[in-house]
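Trainee: Can we go through this structure together? I'd like to start with contacts and then move to packing.

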Amino acid sequence: MKTALLLGTTGMLNAAAAHATARVKKAVVVSRNAGGFSFGNDLLDVKLTRVAADYGDTVSLLAALERHAPFDLALTWIHPRAELLRAALDALVAPGGLLVEVMGSRSILTGPKGEPSIAALRGEALAQQTGFTYAQVVLGFVRVGETSRWLNHEEISAAAIAQMEMPLARRIAGTLEPWDARPR
């Protein structure tokens, strides 16, 4: 693989971003504070192209990313309401590439009037395309006896890495059921 896009991956997905970077010649990391981002590993850091951007400014972000596209691998963590950005990023994935999209647990919830969830809409829409592989990660929680906890960074990255190595249409990290047992 030649080029990876790492969007929203400098925190809880840092280990997955490092794994992706190890697989490519160039990794484009996008973050508001990308200029100071480092894996702390010279072999990985030399591959980084840092793009300081906020994905709230979709037009500027896409203009910056188009200079580096197409991406053979894209690992993304984007807020649910950034639908235009999601759709535009799909077009930047190289033919035969892999898009690993990490989504929060609420992404599986249907709308107040029974509308399909954002995870279902994305999964169904991208299952129809044939140009690249789409692998969704939905973050859940872990039940511990009578209580529960959110996933830690290692568990989140492990699920994203699993999608890079053996992509599935949807991989649930942890559990989503019963929904009422989630941490509050």
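Trainee: What does T3 touch, not counting residues up to four places away in sequence?

Mentor: T3 touches V24, K26, V28, H68, P70, F71, D72 and L73, where contact means heavy atoms within 4.5 Å. This is a predicted model, in which local features need pLDDT of at least 70, side-chain atom pairs count only at pLDDT 80 or more, and totals for chains, interfaces and linings use all residues. Residues are numbered from 1 along each chain as its sequence is written, and side-chain values use heavy atoms, with hydrogens and water left out.

Trainee: Where is T3 found?

Mentor: In strand β1, residues 3-7. Helices (H or I, at least four residues) and strands (E, at least two) are DSSP runs, numbered from the N terminus.

Trainee: Is T3 buried or exposed?

Mentor: T3 counts as buried, at 10% relative accessibility. Buried means under 20% relative accessible area, exposed over 50%, and partly exposed in between, with a 1.4 Å probe and protein chains only.

Trainee: Now V100. What is V100 in contact with?

Mentor: Leaving aside neighbours within four places in sequence, V100 contacts L73, A74, L75, T76, A135, V137, A160, Q163 and M164. V100 has its place in strand β5, residues 93-103, and counts as buried at 0% relative accessibility. The C-alpha atoms of V100 and G123 are separated by 11 Å, with the two residues 23 apart along the chain.

Trainee: Helices next. How do α4 and α5 pack?

Mentor: Helix α4 (residues 83-90) and helix α5 (residues 118-127) pack at about 20°, with axes 13 Å apart. Axes are lines fitted to C-alpha atoms, for helices over the stretch in contact, and angles run from 0 to 180 degrees between N-to-C directions. The two helices, α4 and α5, are therefore roughly parallel to each other. Angles under 35 degrees count as roughly parallel, over 145 as roughly antiparallel, 65 to 115 as roughly perpendicular and the rest as oblique.

Trainee: Which residues make that contact of α4 and α5?

Mentor: E83, R86, A87 and D90 of α4, and I118, R122 and L126 of α5. They divide into three nonpolar, no polar and four charged. Here Ala, Val, Leu, Ile, Met, Phe, Trp, Tyr, Cys and Pro count as nonpolar, Asp, Glu, Lys and Arg as charged, and the others, Gly among them, as polar.

Trainee: Which residues of α5 are buried?

Mentor: I118, A119, A120, R122 and L126. What covers them includes α4, β5, β6 (133-139) and β9 (170-173).

Trainee: And at what angle do α3 and α4 cross?

Mentor: At roughly 15°, and the axes of α3 (residues 58-66) and α4 come within 11 Å. That makes α3 roughly parallel to α4. The contact is made by T58, L61, L62 and L65 of α3 and L85, A88 and L89 of α4. These residues divide into six nonpolar, one polar and no charged.

Trainee: Changing topic: how many aromatic pairs are there?

Mentor: The count comes to two. Rings of Phe, Tyr and Trp (its six-membered ring) pair if their centres lie within 6.5 Å; planes under 30 degrees apart count as stacked, over 60 as edge-to-face and the rest as tilted. F37 and F39 form an edge-to-face pair, 4.9 Å centre to centre with 80° between the planes. F141 and W150 also form an edge-to-face pair, at 6.4 Å and 90°.

Trainee: Is W150 buried, partly exposed or exposed?

Mentor: W150 is partly exposed, with a relative accessible area of 42%, whereas F141 is buried at 1%.
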